[in-house]
Amino acid sequence: MRIISGKHKGRRLQAPKNLPVRPTTDMAKEGLFNVLNNHFYFDAISVIDLFAGTGNISYEFASRGSKQIVSVDENFNCIKYINAVSKELDFNINSFKSDVYAFLEKTTLKADIIFADPPYHFETEKFLQIVDIVFDKEMIADEGLLIIEHSKNTDLSQHKNHSYDKRYGGNVFSFFEYNNEENSL
């Protein structure tokens, strides 16, 4: 995996082979950040990275100047790796070893972007549970986004907060935001 842009542009990272992860491909990650680059100033946003795995997405935000990044994964070795890379590259990433659903239920954190990359084999209901918790707890800033990465075989478009999808090969990013009626309340 490599960091696409920012302070550590082009930096290649080699995650340990024993991590139970499926990192976002460079092509998909580059496409995602091209979309985000049109909506946000990276140095002015806060980010929560759920199912962080290797920390691939967190590193990209950190390299682009995001200062408030929280990475959550239940695997101890993933958190250990994220902490090691964060220290090596001087990234300010706060990591939490936790089941993502337990973290979401307990946290009081809010963010401009929440990115979730659950296992692709999850049932649609488990993906939508993330959306429900995030919006029920108002964890997203008013102009913020929840982005869920999933396979092309999963359809999350029926959720009321779904805005659009971006597809990159077999990867799909579903974008969720407050709809206009909710923003005006």
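A helix crossing is left-handed if the near helix is turned anticlockwise from the far one by less than a right angle, and right-handed if it is turned clockwise. By that rule, the crossing of α1 and α2 in this structure is right-handed. Please keep in mind that this is a predicted model.

**The α1 and α2 pair**

- Helices α1 and α2 pack with their axes 12 Å apart, at an angle of about 45 degrees.
- Roughly parallel would need an angle under 35 degrees, and roughly perpendicular one of 65 to 115, so α1 and α2 count as oblique to each other.
- On the α1 side, the residues that meet α2 are Lys29, Leu32, Phe33 and Leu36.
- Their partners in α2 are Asn56, Ile57, Glu60 and Phe61.

**The nonpolar cores**

- The largest nonpolar core has 34 residues, and those touching the most other members are Leu32, Leu36, Tyr59, Phe61 and Ile147.
- At least two residues of this core come from each of α1 (26–37), α2 (56–63), α3 (76–89), β4 (111–116), β5 and β7.
- Helix α3 is the top contributor to this core, giving six residues.
- A second, separate core holds 27 residues, among them Phe103, Ile130, Phe135 and Met139.

- Strand β7 covers residues 171–176, and six of its six residues are buried, so the strand is largely enclosed by the rest of the structure.
- Asn171, Phe173 and Phe175 point one way from β7, while Val172, Ser174 and Phe176 point the other way; all are buried.

- Strand β5 (residues 140–151) runs antiparallel to β7, and six bridges join the two.
- Strands β6 and β7 form a hairpin with two residues between them.
- Within that turn, Gly169 has a positive phi of about 60 degrees.

Technical notes: Residues numbered from 1 in each chain as written. Predicted model: local features only at pLDDT ≥ 70, side-chain atom pairs only at ≥ 80, totals over all residues. Heavy atoms only, no water. Buried < 20%, exposed > 50% of the residue type's maximum accessible area, 1.4 Å probe, protein only. Helix = DSSP H or I, 4+ residues; strand = E, 2+ residues; numbered from the N terminus. Pairing = 2+ DSSP bridges. Core = buried A, V, L, I, M, F, W, Y, C linked by side-chain atoms within 4.5 Å. Axes fitted to C-alpha atoms, helices over the stretch in contact; angles between N-to-C directions. Parallel < 35°, antiparallel > 145°, perpendicular 65-115°, else oblique. Contact = heavy atoms within 4.5 Å.
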